[in-house]
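Please read them with the structure open.

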Amino acid sequence: MRHESGLVVETRDHLRLLTLDRPERRNALSSALQADLVDELLTAGGDGTRVVVLAGNGPAFCAGFDLKEIRAADDRGEPFRPPMERPGRSLFEVVTECPVPIVAAITGAAVAGGFELALACDLRVAAPGIPMGLPEAKIGMGANFGSVVLPKRIPMGIALEMLYTGAYVDSDVLERWGLVNRLVPREVVLDTALALAGTIAANAPVSVRRMKQTAVKGLELPLWQALRLDVGPNPYTSEDRKEGIAAQLDKRPPNWTGR
């Protein structure tokens, strides 16, 4: 299914592949594209989806917010609303809070809001030599999400240098810093991301959901508090726990029900 915004949605067993398909605009995040992404991610997990893969068609993964759309609004005299002061959900927040893991398949430049989109994902598979970064300081924007999240992903000094200078860093370097999970040739990025997603989807969905929510929500908490978090479905009391143990002992593949 292809939305008018340029979002292509495919379902492959328990995987949902979301492809940004505005190559003529370098997959810039128009308001319509953001809204469709939010809508798809808010339903992920409630329909049997266990993992989402996010990709971009064409020479760029995503070039960030649609600057032509923003300038047109400026020309009309419309006041610009910062990301956290809009009536709709922030796309990056929705990506972060999606109950199922999201894997970014990055075959082209991921800059500005496109880099923030990749940062919001759980895992990142990228081709070598892909420029990534936050050039917002060069155009007077704020990189609100990136300013908060990037220093949590890489050393503070390096994150601040990227933010202050707006310089791009290649995916090869970001892989060494731990921000890119897999660095593979461009022609196999999507297949690698889908294979990684398939490995995750083969595991108990209740356990994976619990792990994501505990890891995300416990990151900033003291250890004693994080250990006592009770977020998401409880795998210890689930039917899947019984099935998983039985399958392990019987030496057969488990039949997960997600309950």
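Predicted model: local features only at pLDDT ≥ 70, side-chain atom pairs only at ≥ 80, totals over all residues.

1. The α6/α7 pair. Helix α6 covers residues 144–153, and helix α7 covers residues 156–165. The two pack at an angle of about 150°. Their axes lie 8 Å apart. An angle over 145° counts as roughly antiparallel, so that is how α6 runs relative to α7. The crossing of α6 past α7 is right-handed.

2. Who makes that contact? On the α6 side, the residues are Gly146, Ser147, Leu150 and Pro151. On the α7 side, they are Met156, Ala159, Met162 and Leu163. By class, the contact of α6 with α7 has 6 nonpolar residues, 2 polar ones and no charged ones.

3. Helix α4. How many of the residues of helix α4 are buried? The count is 8 of the 8, across residues 113–120. Helix α4 is therefore largely enclosed by the rest of the structure. The buried residues are Gly113, Gly114, Phe115, Glu116, Leu117, Ala118, Leu119 and Ala120. Note that Glu116 is in this list, and that Glu counts as charged.

4. Thr192. This residue sits in helix α9, residues 189–201. Where does the side chain of Thr192 reach? It comes to 2.7 Å from the backbone oxygen of Val188. Leaving aside residues up to four places away in sequence, Thr192 touches Val125, Arg182 and Val184.

5. Asp13. Phi is positive here, at about 55°, although Asp13 is not a glycine. The residue lies in the loop between β1 (7–12) and β2 (15–20). Is Asp13 buried or exposed? Its relative accessible area is 75%. The cut-off for exposed is over 50%, so Asp13 is exposed.

6. Arg26. Here too phi is positive in a residue other than glycine, with a value near 55°. Arg26 belongs to the loop between β2 and α1 (31–43). Its relative accessibility is 39%. Buried means under 20% and exposed means over 50%, so Arg26 counts as partly exposed.

7. For a second look. When you go back to the model, start with the backbone at Asp13 and at Arg26. Then turn to the side chain of Thr192 and the backbone oxygen of Val188.

Methods
Residues numbered from 1 in each chain as written. Heavy atoms only, no water. Axes fitted to C-alpha atoms, helices over the stretch in contact; angles between N-to-C directions. Helix = DSSP H or I, 4+ residues; strand = E, 2+ residues; numbered from the N terminus. Parallel < 35°, antiparallel > 145°, perpendicular 65-115°, else oblique. Left-handed = near helix turned anticlockwise from the far one by under 90°. Contact = heavy atoms within 4.5 Å. Buried < 20%, exposed > 50% of the residue type's maximum accessible area, 1.4 Å probe, protein only. Polar contact = N/O pair within 3.5 Å; in protein donor to acceptor, adjacent residues only side chain to side chain.
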